[in-house]
Number of protein chains: 2
Amino acid sequence: MPLLDALALNLERRPDAPLYRQIYDGLAAGIIGGSIKPGERLPSTRDLAQALGVSRNTIMLAFEQLTAEGYLEGLSGSGTYVSREPPAERVAREAPRINPAIRAAGSLERPFDIGGGLAHVPATLRYMRRPVPFRSNFPALDAFPVQLWAKLAADLYRRLDADIANHLMGEGDPQGYGPLREAIAEHVALGRGIACTAANVIIFAGAQQAVDLACRLLLMPGDEVVCEDPGYDGVYASVIATGGVPVPVPVDADGLDVSAAERKAPGARMAYVSPSKQFPLGMALSLERRHQLVDWASRSNGWILEDDYDSEFRYSGRPLPSLYGIDRGTRVIYLGTFSKTLFPALRLGFAIVPTALIEAFVSARTVVGRYSPILEQVLVARFMKEGHFASHVRKMRKLYAQRQAHLLHVVERRLGDWLMATPTDTGMEVVARLAPGLGGRAVSKAAAEHGLEVMPISSLARETDVDDRVTLGFSAFTPEQIDEGVERLRTVLVGMG
Amino acid sequence: MPLLDALALNLERRPDAPLYRQIYDGLAAGIIGGSIKPGERLPSTRDLAQALGVSRNTIMLAFEQLTAEGYLEGLSGSGTYVSREPPAERVAREAPRINPAIRAAGSLERPFDIGGGLAHVPATLRYMRRPVPFRSNFPALDAFPVQLWAKLAADLYRRLDADIANHLMGEGDPQGYGPLREAIAEHVALGRGIACTAANVIIFAGAQQAVDLACRLLLMPGDEVVCEDPGYDGVYASVIATGGVPVPVPVDADGLDVSAAERKAPGARMAYVSPSKQFPLGMALSLERRHQLVDWASRSNGWILEDDYDSEFRYSGRPLPSLYGIDRGTRVIYLGTFSKTLFPALRLGFAIVPTALIEAFVSARTVVGRYSPILEQVLVARFMKEGHFASHVRKMRKLYAQRQAHLLHVVERRLGDWLMATPTDTGMEVVARLAPGLGGRAVSKAAAEHGLEVMPISSLARETDVDDRVTLGFSAFTPEQIDEGVERLRTVLVGMG
């Protein structure tokens with residue numbers, strides 16, 4: 001097999017580049033050069049891994065990148081083939097040379113995107129459409145207290161005389177506006193049992209920016225990172241973009257399988273978890289697993305990214321202690337966001353970091369974009385300090401509980417032949433299991449053609465087979481919108497036979 | 001010299017790490033391990049470079065990082081010594097392992113910072129204090145139309161019914177709010193002769209975020225980047241943070257010395273310039289140099305980062321065509337900011353990128369922090385579309401011209417014995433040359449003790465000797481504040497003998 005020989009040769013020659021990139025480069029060069037022909041079927045990832053003496057994960061990363069860039073097609077199922085039409089921009093002589101790691105990170109496609117004008121930007125995290133049923137992970141903007149928000153903003157502007165303007169419109173603190181950091185420290189102390197001060201809080205433009213900065217700061221090229229599978233694609237993207245290697249680890253009923261992680265990535269430097277509500281499967285990380293994970297970090301001097309999104313919307317049961325609290329602030333970086341509790345376009349999130357990391361995080365924060373806009377931070381601080389935040393979250397919790405109950409009721413009555421939705425203790429969407437014979441990707445595609453958004457769990461999976469499940473978001477939709485969406489989804493499912 | 005032997009050994013062993021990091025690691029290990037003693041004087045950068053067969057620049061990068069982290073002291077002047085007290089956080093067994101590149105990038109100190117509570121965050125880009133005379137690069141917030149801004153905000157909130165809220169408070173376009181991108185495309189077409197559409201415009205949280213993303217996207221580890229010397233420290237930080245090597249190149253009366261750049265870094269992948277007003281020396285890049293630089297990029301397939309800050313505030317003469325315009329949008333990334341034309345805490349800037357780069361930039365933009373807050377983008381778009389932006393810039397241009405004239409007049413009358421300020425055609429500060437015997441760093445330090453900010457050009461210099469000059473900002477201060485500041489500065493200078 002000349003393909004394998006060429007790759008093996010390359011692998012010996014370049015000790016400086018990550019393995020997956022060498023395989024990527026070798027295959028891309030072969031395809032551009034014509035030694036690997038359009039339409040040719042590639043060996044399986046398993047065979048290739050064995051032949052080259054590398055892990056299957058390495059091969060899959062290379063294949064993913066080549067697929068994202070259009071060199072290969074058909075990643076799973078019947079095998080992987082060289083595209084019949086190689087991507088034009090690589091063949092062109094004047095092609096821009098883009099850093100392959102960050103290119104790969106930015107090009108992971110989300111197959112459940114509704115098509116259209118977005119086609120030229122296949123970004124993982126791109127969502128600019130209005131929410132349609134059953135968008136997951138989206139707050140009820142129809143219930144946001146816009147007029148209260150506007151009044152606070154008007155008050156703030158009224159007080160902006162020259163002196164305050166110099167203070168609030170001039171250069172801000174890269175760590176974040178002090179009173180907002182104080183309010184957040186109080187919020188997590190009360191809600192999540194985290195003992196910290198405002199000095200441990202750093203404001204970011206959403207949790208993703210904090211994930212990305214943590215990866216850049218704490219990883220060296222080649223470092224392995226334990227990621228949930230299925231799991232949040234933003235962390236996979238940032239790990240790849242910073243030269244690290246994401247290691248997908250399965251989740252079970254207790255959340256991330258920590259023992260599997262220790263077996264699969266014994267030298268991992270970092271682990272990412274969404275412990276309050278695993279994204280996208282929805283279970284909580286059990287108390288035992290939490291201790292196991294903190295023990296791992298402590299033993300191995302590893303880092304934990306604790307993405308505690310949706311912990312605010314708990315409908316029943318008691319919340320489990322946060323990893324940051326269990327660990328007492330040494331190896332855990334706790335991440336929170338206002339995208340769900342307030343609104344996404346605000347672009348505010350925060351990290352709570354161990355004291356030993358504060359200076360490094362804040363210094364690096366200035367390099368990647370100085371700081372977050374200040375006037376919005378002042379507004380959010382006031383919203384929190386005056387009690388509006390706690391009251392809004394309480395109201396939304398009640399509203400979302402009603403919307404969930406309504407969705408579950410209608411889905412059971414009208415869609416029971418095709419899917420079964422499981423109630424969730426927390427958060428903004430439920431997981432629904434499809435009847436045998438139905439696949440999540442196929443349902444999502446058909447639903448998109450009818451203007452609906454149904455997220456197949458498999459779109460966030462790497463090595464696990466979860467195409468039997470989808471998520472249905474309820475938080476952003478009124479009972480009438482839910483009824484109407486369910487009827488449309490029924491039509492879709494009837495149409496699929 | 002056992003020190004050199006140990007380093008040379010290390011250099012042969014590790015072909016995978018950048019040279020400056022190997023030198024950094026070798027020296028840090030020696031200091032921690034005790035083989036290099038506290039107080040020991042190091043060989044000069046020139047000798048060390050010769051002995052190890054590396055460039056002096058490489059040695060200086062390593063020294064800079066070691067100095068920033070407290071291992072070494074006294075970078076210039078009488079030589080470099082091992083600190084008598086090694087940094088506690090490195091010696092501690094539990095020290096966090098921070099990526100050395102991004103740590104170095106985030107720790108470049110600005111010696112003209114006014115001390116105090118900021119000591120624990122020695123970040124380059126950190127500025128959270130109110131502007132005091134003679135802060136450079138700072139707009140006149142006392143003249144910002146706060147009430148008009150507040151009225152536009154109130155109008156916007158009033159129109160936020162559920163439908164518009166879903167549109168504007170939900171997920172936004174990572175490339176930026178469409179109407180704002182349109183307004184920017186019109187603005188640069190009129191003002192800077194740039195033929196582009198809204199599709200080429202990408203919104204960032206300020207120009208620094210765009211610089212950082214361009215480095216991550218377009219550089220591979222080890223790539224050289226031509227940087228102005230003295231020059232903007234944010235680009236040095238981002239180049240180092242992404243594993244590239246900044247190459248300081250001197251500027252003369254015509255701006256960046258492009259021929260020197262071609263000699264010094266013949267294989268450079270990128271060049272950063274501030275062509276409208278070189279930061280911090282203030283001259284424009286000449287037309288000939290502009291063509292020379294664009295030719296270089298075209299011949300070598302290199303990239304140009306054109307940081308066109310302050311091009312809006314031109315008091316006399318005609319603006320030179322932008323590099324983006326000369327190049328017709330193939331190798332130039334044009335950067336603009338609203339921090340100067342509106343206000344810093346807004347955190348909005350933009351890049352105009354060649355069509356071939358749009359997709360890669362937007363995809364990567366989502367990974368590093370999704371997108372900028374939307375409601376502020378809506379406000380700025382409306383501010384521009386209704387003509388307020390052009391009118392505000394016009395008013396500020398007139399105001400800043402008056403403030404500059406006043407400063408020059410008072411400085412000549414009251415400070416003529418110590419310094420001579422040169423009028424500037426454009427921007428927000430003037431350069432002043434100190435009388436023989438006075439040094440910029442010393443003046444800055446003495447001024448800071450009297451509550452004044454005088455920026456020594458040498459704080460932004462790498463290899464050039466420019467401690468005979470400082471900048472004095474005029475834009476942010478009323479005539480009364482300027483008078484008062486000049487009197488205080490006179491006291492400082494009298495006190496220095």
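Mentor: Start with Ile352(B), which, leaving aside its neighbours within four places in sequence, is in contact with Val188(B), Ile194(B), Cys196(B), Asn200(B), Val201(B), Tyr324(B), Val332(B), Ile333(B) and Tyr334(B). Keep in mind that this is a predicted model.

Trainee: Where in chain B is Ile352(B), and why is Ile352(B) called buried?

Mentor: Ile352(B) is in strand β10, residues 349–352 of chain B. Its relative accessible area is 0%. Buried means under 20%, so Ile352(B) is buried.

Trainee: What separates the C-alpha atoms of Ile352(B) and Gly329(B)?

Mentor: A distance of 8.6 Å, while the two residues are 23 residues apart along the chain.

Trainee: Ser286(B) has 17% relative accessibility. Is Ser286(B) buried or exposed?

Mentor: The cut-off for buried is under 20%, so at 17% Ser286(B) counts as buried. Ser286(B) is found in the loop between β7 (270–273) and α13 (287–300) of chain B. Not counting residues up to four places away in sequence, Ser286(B) touches Asp254(B) and Leu320(B).

Trainee: What makes Arg328(A) exposed?

Mentor: Exposed means over 50% relative accessible area. Arg328(A) has 72%, so the label is exposed. This residue lies in the loop between α14 (323–327) and β9 (332–337) of chain A. Phi of Arg328(A) is near 55 degrees, a positive value in a residue other than glycine.

Trainee: What is the phi of Asn137(B), and where does Asn137(B) lie?

Mentor: Asn137(B) has a positive phi of about 65 degrees, although it is not a glycine. Asn137(B) lies in the loop between α6 and α7 of chain B. With 17% relative accessibility, Asn137(B) counts as buried.

Trainee: Which residues does a cis peptide bond join in chain A?

Mentor: Pro133(A) and Phe134(A), with omega about 5 degrees. Phe134(A) is in the loop between α6 and α7 of chain A. In chain B, a cis peptide bond joins Pro133(B) and Phe134(B), and omega is about 5 degrees.

Trainee: How do you know that Glu453(A) and Arg135(A) form a salt bridge?

Mentor: The rule asks for a side-chain nitrogen of Lys or Arg within 4 Å of a carboxyl oxygen of Asp or Glu. The closest N and O atoms of Glu453(A) and Arg135(A) are 2.9 Å apart, and the pair forms a salt bridge. Glu453(A) lies in the loop between α18 (440–449) and β13 (455–456), and Arg135(A) in the loop between α6 (100–106) and α7 (146–158), so the pair ties together parts of chain A that are 318 residues apart in sequence. Glu453(A) and Arg135(A) are both buried.

Trainee: What is the N to O distance for Asp142(B) and Arg403(B), and what does their salt bridge tie together?

Mentor: The closest N and O atoms of Asp142(B) and Arg403(B) are 3.1 Å apart, and the pair forms a salt bridge. Asp142(B) is in the loop between α6 and α7 of chain B and Arg403(B) in helix α17 (residues 388–415), so parts 261 residues apart in sequence are tied together. Asp142(B), at 36% relative accessibility, counts as partly exposed, whereas Arg403(B), at 6%, counts as buried.

Trainee: What share of chain A counts as buried?

Mentor: Of the 497 residues of chain A, 63% count as buried. Chain A has 19 helices and 14 strands.

Key:
Residues are numbered from 1 along each chain as its sequence is written. Chains are lettered from A and ligands numbered from 1 in the order in which they are written. This is a predicted model: local features need pLDDT of at least 70, side-chain atom pairs count only at pLDDT 80 or more; totals for chains, interfaces and linings use all residues. Side-chain values use heavy atoms; hydrogens and water are left out. Helices (H or I, at least four residues) and strands (E, at least two) are DSSP runs, numbered from the N terminus. Buried means under 20% relative accessible area, exposed over 50%, partly exposed in between (1.4 Å probe, protein chains only). Contact means heavy atoms within 4.5 Å.
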